[in-house]
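Thanks for coming. Please have a look at the chain on the screen while I talk.

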Amino acid sequence: MSAKGVSRALQDTAGGLLLTKCKSVKVEGKFVAVSVCSIEDHGHDEHSSATITGTTSKVLIEGKIPIRADDVATCGDVATGSSTVRFG
């Protein structure tokens, strides 16, 4: 498994901005997005109430799974993440 960039709340997207953040860990000055993460509305139907869940169990932040680049939202959009801070 290759390392993937950590997603940051209110900076990275999965169609819309990732909104759910941890309270104690920052990456590049932004709080890390954690599961289950709400996503800003970015369209109709499944895009109006999308969420995203992290896909790794190797790292927990505040007992929650962080979101990483390439995690897939319930609407089918894919998360972006940091190009410099990664984990497997």
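I will start with the whole chain and then go through a few places in it.

What you see is a predicted model. Let us begin with the secondary structure. How many helices and strands does the chain have? There are zero helices and eight strands. Read from the N terminus, the order of elements is β-β-β-β-β-β-β-β.

Next, the overall dimensions. A compact globule of 88 residues would have a radius of gyration near 12 Å, and the chain has 12 Å, so the value agrees with that rule. Along the principal axes, the C-alpha atoms occupy a box of roughly 30 × 25 × 25 Å.

Now the surface and the inside. Of the 88 residues, 36% are buried. As for charges, the chain has 10 positive and 10 negative ones, and their mean positions lie 11 Å apart. One more value for the whole chain concerns contacts. If you take contacts between residues at least 6 apart in sequence, 48% of them join residues at least 24 apart.

Please turn to one pair of strands. Strand β4 covers residues 21-27 and strand β5 covers residues 30-33, and the two pair in the antiparallel sense over three bridges. K21 stands opposite A33 of β5. V27 has K30 of β5 as its bridge partner. Two residues sit between the strands of this hairpin.

E28 is in the loop between β4 and β5. As background, most residues other than glycine have a negative phi.

D45 is found in the loop between β6 and β7. Is D45 buried or exposed? With a relative accessible area of 64%, D45 is exposed.

Now a peptide bond. The bond from S35 to V36 is cis, with omega near -20°. For comparison, most peptide bonds are trans. V36 is in the loop between β5 and β6, where β6 is residues 37-38.

S35 comes up again with I65. I65 belongs to the loop between β7 and β8. I65 and S35 are 30 residues apart along the chain, and 5.4 Å separates their C-alpha atoms. Which residues does I65 touch, leaving out those up to four places away in sequence? They are V34, S35, G54, T55, T56, V59 and L60. I65 has 24% relative accessibility and therefore counts as partly exposed.

The last stop is D70, in the loop between β7, residues 51-52, and β8, residues 86-87. Its relative accessible area is 48%, which means that D70 is partly exposed. D70 and G5 are 65 residues apart along the chain, with 8.6 Å between their C-alpha atoms. Leaving out residues up to four places away in sequence, D70 touches K4, V78 and A79.

That is the end of the tour; please send me your questions.

Terms used
Residues numbered from 1 in each chain as written. Predicted model: local features only at pLDDT ≥ 70, side-chain atom pairs only at ≥ 80, totals over all residues. Heavy atoms only, no water. Helix = DSSP H or I, 4+ residues; strand = E, 2+ residues; numbered from the N terminus. Rg over C-alpha atoms; globule rule 2.2 N^0.38 Å. Buried < 20%, exposed > 50% of the residue type's maximum accessible area, 1.4 Å probe, protein only. Contact = heavy atoms within 4.5 Å. Lys, Arg positive; Asp, Glu negative; His and termini not counted. Charge placed at Lys NZ, Arg CZ, Asp CG, Glu CD. Pairing = 2+ DSSP bridges.
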